[in-house]
Amino acid sequence: MKKLTFISASNPEWVSSDHIGINLIVKFEEIGEVPFHAMENDSEIFGQDLYRRAVAGEFGEIKEFQSPILSLDDAKTKACNQVNLNRDELESSGFMYLGYVFDSNAISVQRISNKALSALTAKMTNTPFSVDWTVKDNSIITLDADQMIACQEALTQRATKLHQHATSL
């Protein structure tokens, strides 16, 4: 491995409030500027040397560590986004109906809605209806019109419960 030629270091900043390390921008002849983390007890002599030189002020004043504290509004927004993400994941992870787990990703929801509409139309026109449906484990079950309509209702109830739960958090 070729040894890099140090040119300069700048922008020293403590990595934590206990001052165990310093982040710097280090410029090498061969690769230009790169972020570098130096520690007093660094495993490399070069890192130890940069740490001591930074502490001595050679690369400018070391900026104090700034904790990434969120404002209350930012914390609420972050928590709300996480709740929504969890809800969406649960909503698309499948739902139980007739003892089977049905897929509930966006395409499956559209297919269930379309077939339920077809089933409702068949019932209204006294036309026979039957569909072979592939469930999440890839087994196939046969649904009549009432079962297909109830499948969509089960999907809707699951989504409604997830949304109500998320809203209550």
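These questions and answers concern the aromatic pairs of a predicted model. Local features need pLDDT of at least 70 and side-chain atom pairs count only at pLDDT 80 or more, while totals for chains, interfaces and linings use all residues. Residues are numbered from 1 along each chain as its sequence is written, and side-chain values use heavy atoms, with hydrogens and water left out.

Reader: How many aromatic pairs does the structure hold?
Author: There are 7. Rings of Phe, Tyr and Trp (its six-membered ring) pair if their centres lie within 6.5 Å.

Reader: Why is the pair of Phe-6 and Phe-59 called edge-to-face?
Author: The planes of Phe-6 and Phe-59 are 65° apart, with 6.4 Å centre to centre. Planes over 60 degrees apart count as edge-to-face, under 30 as stacked and the rest as tilted, so this pair is edge-to-face.

Reader: What makes this pair a tie between parts of the chain?
Author: Phe-6 lies in strand E1 (residues 6–14) and Phe-59 in the loop between helix H1 (45–55) and helix H2 (72–91), so the parts tied together are 53 residues apart in sequence. Helices (H or I, at least four residues) and strands (E, at least two) are DSSP runs, numbered from the N terminus.

Reader: Why is Phe-59 called buried?
Author: Buried means under 20% relative accessible area, exposed over 50% and partly exposed in between (1.4 Å probe, protein chains only). Phe-59 has 12%, so Phe-59 is buried. Phe-6 has 22% and is therefore partly exposed.

Reader: Why is the pair of Phe-28 and Phe-46 called tilted?
Author: Their planes are 45° apart, so the pair counts as tilted.
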